[in-house]
Amino acid sequence: MAEIPKTSVSLLSVLANDTANARWFEFYNAYEGPMRAFLASKYPALEAEDVVQETMIALVKRLPTYHYTPDERGHFHNYLIGI
């Protein structure tokens, strides 16, 4: 499976406050591989490109109210996979 990136609190904060920020490319490039690997291992019949795109769209809507608290809510990558 692809390596899961280290969660950047500052990146999440920037993205939560600006849906058009250029750092979305950084975020997408960091998480696309791990998401595709997860989908291929658990749900190989799904179109990974569509699922990743729909997940990113949903994340844009949820991120403004998301608070990264790994001790209480778990790791960010688990939250992302849950979407």
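Q: How far apart are the mean positions of the positive and negative charges of the protein chain?
A: They are 5 Å apart, for 7 positive and 10 negative charges. Lys and Arg count as positive, Asp and Glu as negative, while His and the chain ends are not counted. Each charge is placed at NZ of Lys, CZ of Arg, CG of Asp or CD of Glu.

Q: What kind of model is this?
A: This is a predicted model, where local features need pLDDT of at least 70, side-chain atom pairs count only at pLDDT 80 or more, and totals for chains, interfaces and linings use all residues. Residues are numbered from 1 along each chain as its sequence is written, and side-chain values use heavy atoms, with hydrogens and water left out.

Q: How many helices and strands does the protein chain have?
A: Five helices and zero strands. The pattern along the sequence is α-α-α-α-α. Helices (H or I, at least four residues) and strands (E, at least two) are DSSP runs, numbered from the N terminus.

Q: How many of the 83 residues count as buried?
A: 28% of them. Buried means under 20% relative accessible area, exposed over 50%, and partly exposed in between (1.4 Å probe, protein chains only).

Q: OK, the core. Which residues touch the most other members of the largest nonpolar core?
A: F27, Y31, L59, L63, F76 and L80, out of 17 residues in that core. Helix 1, helix 2 (23-42), helix 3 (48-62) and helix 5 (76-82) each give two or more residues to this core. Helix 2 gives the most, with five. A nonpolar core here is a set of buried Ala, Val, Leu, Ile, Met, Phe, Trp, Tyr and Cys residues joined through side-chain atoms within 4.5 Å.

Q: What is L63 in contact with, beyond four places in sequence?
A: L12, L15, A16, W24 and F76. Contact means heavy atoms within 4.5 Å.

Q: Switching to T7. Where does T7 lie?
A: In the segment before helix 1 (9-17).

Q: Is T7 buried or exposed?
A: T7 is buried, with a relative accessible area of 19%. Not counting residues up to four places away in sequence, T7 touches L12, Y31, Y68 and F76.

Q: And T55, where is its place?
A: T55 is in helix 3. T55 counts as buried, at 7% relative accessibility. Leaving aside neighbours within four places in sequence, T55 is in contact with M35, L80 and I83.
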